[in-house]
Amino acid sequence: MSAERIQMVDLHGQYLRLKGEIDAAMQSVIDSCAFINGNQVKSFTFHLADYLNVPFVVPCGNGTDALQIALMALELKPGDEVILPAFTYVAAVEVVVMLGMTPVLVDVSSETFNINTSKIESAISDKTKAIIVVHLFGQTCDMESVMALAKEYHLYVIEDNAQSMGADYKYSDGRKKKAGTIADIGTTSFFPSKPLACYGDGGALYTSDESLAEKSRMIANHGQQTKYHHKLIGCNSRLDTLQAAILDVKLKYMADFIEARTRAAEFYDWAFSDFEELLVPMRVPYSTHVFHQYTVRIRSGKRDFVQRYLKELGIPSMIYYPLPVQAQEAYKKVTREGGDLTESVRLCKEVLSLPMHTELAESEQQYIVEKIKEALQAASEHGEK
Ligand SMILES: Cc1ncc(COP(=O)(O)O)c(C=O)c1O
């Protein structure tokens with residue numbers, strides 16, 4: 001085994017498996033020349049609503065737009081505060097700032113990587129209007145706690161579900177809902193590496209509230225309900241027909257994709273079970289995990305050494321994320337720290353995401369695990385802490 005074939009995400013391998021169907025779907029869009037708002041956009045939107053068991057899906061240009069449209073549809077105003085996790089991808093923070101609001105950062109749990117719900121309440125002020133939770137790496141936040149707080153303080157909740165499409169949230173009474181369909185609005189990205197992904201940019205919002213759906217649809221289309229009559233200030237954010245056609249094919253395989261990634265995660269779990277310095281991702285009782293990422297924590301201070309060691313052998317790995325939001329140059333001065341953010345800082349020094357995708361072979365994983373073991377040993381010998 002060598003590292004040559006190992007990829008962080010194998011988009012080409014997955015394409016080859018579905019080539020016949022994907023090529024035919026793309027060809028039919030080209031034949032129709034309905035590149036914008038073609039039938040495939042309607043078809044995919046309908047199928048996604050069915051998959052998520054949610055009444056309204058609004059397609060849009062990407063996951064960042066979806067977040068912006070959601071905030072605009074909720075009519076949040078400059079000066080409002082929005083609570084967000086400090087350890088996250090920056091998209092949600094960015095749109096909050098761009099709309100003139102203040103992101104209030106709350107620490108995450110270093111075990112689940114998601115917002116620590118016990119720390120939200122103390123971050124709430126009389127300006128707080130919403131909470132954006134991010135279901136990071138493939139597993140949801142503790143939504144019952146979030147929704148209870150939102151109810152008590154009259155806050156909107158947006159679920160950024162770009163990384164956890166397909167995960168099931170399990171209520172304490174046994175009911176289940178798809179991630180992203182629990183709060184006022186869920187948003188997602190179809191960026192090529194995401195759990196449900198297209199071959200370019202794409203995104204969507206979903207909601208059970210008809211008026212929010214209608215407003216979101218208008219905002220994504222220049223604020224117009226009928227052509228050239230602009231009722232709201234909007235933007236131009238569309239899901240291309242070609243991307244919708246690809247997504248419509250891939251949506252049928254979501255269960256297979258999740259199963260393949262879960263199998264790979266279980267292999268890693270098993271293979272790392274006797275590694276003292278490395279913690280495998282925790283599973284929470286209230287959510288299934290779709291393993292957008294398989295993120296381990298290397299607590300002995302050897303993370304960077306391990307990553308360098310793997311890199312020299314050609315094994316890819318990623319640090320999601322190297323800095324918490326409060327340490328980002330652009331956001332230092334425009335965010336408020338809603339309490340102590342120690343765990344977010346710590347995670348940025350410990351996390352390492354390993355190759356994880358639907359095509360990952362056990363032999364590749366075996367090789368990765370073996371080399372991580374070697375790296376940890378070499379780090380000790382080099383006196384790396
Ligand atoms: C959690 C999260 N939110 C939002 C986004 C933004 O999605 P997009 O790149 O489609 O704008 C991403 C994408 O990387 C993400 O991971």
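Modeller: Two strands pair if DSSP finds at least two bridges between them. Strands (E, at least two residues) and helices (H or I, at least four) are DSSP runs, numbered from the N terminus. This is a predicted model, in which local features need pLDDT of at least 70, side-chain atom pairs count only at pLDDT 80 or more, and totals for chains, interfaces and linings use all residues. Residues are numbered from 1 along each chain as its sequence is written.

Biologist: Which residue of β15 is the bridge partner of Val 296?

Modeller: Strand β13 covers residues 294-298 and is joined to β15 by 4 bridges in the antiparallel sense. The bridge partner of Val 296 in β15 is Leu 352.

Biologist: Which elements do the buried residues of α4 pack against?

Modeller: Helix α4 spans residues 91-98, and its buried residues are Ala 91, Ala 92, Val 93, Val 95 and Val 96. Just after the helix, Gly 100 has a positive phi of about 80 degrees. Packing is judged by contact (C-beta atoms, placed from the backbone, within 7 Å). The partners of the buried α4 residues are α3 (63-73), β2 (81-85), β3 (102-106), β4 (128-134) and β5 (156-160).

Biologist: Why is Phe 113 buried?

Modeller: Phe 113 lies in the loop between β3 and β4. Leaving out residues up to four places away in sequence, Phe 113 touches Phe 87, Val 108, Leu 136, Phe 137, Thr 295 and Leu 347. Phe 113 is buried because the number of other C-beta atoms within 10 Å is 28.

Biologist: What distance separates the C-alpha atoms of Phe 113 and Thr 88?

Modeller: Along the chain, Phe 113 and Thr 88 are 25 residues apart. Their C-alpha atoms are separated by 8.7 Å.

Biologist: What separates the centres of domain 1 and domain 2?

Modeller: Domain bounds come from an automatic or database domain assignment. The assignment gives domain 1 as 11-106 + 114-251 and domain 2 as 254-381. Taken over C-alpha atoms, the separation of the two centres is 25 Å.

Biologist: Which element gives the largest share of the side of domain 1 that touches domain 2?

Modeller: Contacts link 35 residues of domain 1 with 32 residues of domain 2. On the domain 1 side, α1 (11-32), α4, β3 and β6 (168-170) each supply at least two residues. The largest share, 5 residues, belongs to β3.

Biologist: How do the residues of that side of domain 1 divide into nonpolar, polar and charged?

Modeller: Ala, Val, Leu, Ile, Met, Phe, Trp, Tyr, Cys and Pro count as nonpolar, Asp, Glu, Lys and Arg as charged, and the others, Gly among them, as polar. The side of domain 1 that touches domain 2 has 19 nonpolar, 11 polar and 5 charged.

How values were computed
A residue is buried if 20 or more other C-beta atoms lie within 10 Å of its own, exposed if 12 or fewer, and partly exposed in between; C-beta atoms are placed from the backbone. Two residues are in contact if their C-beta atoms, placed from the backbone, lie within 7 Å.
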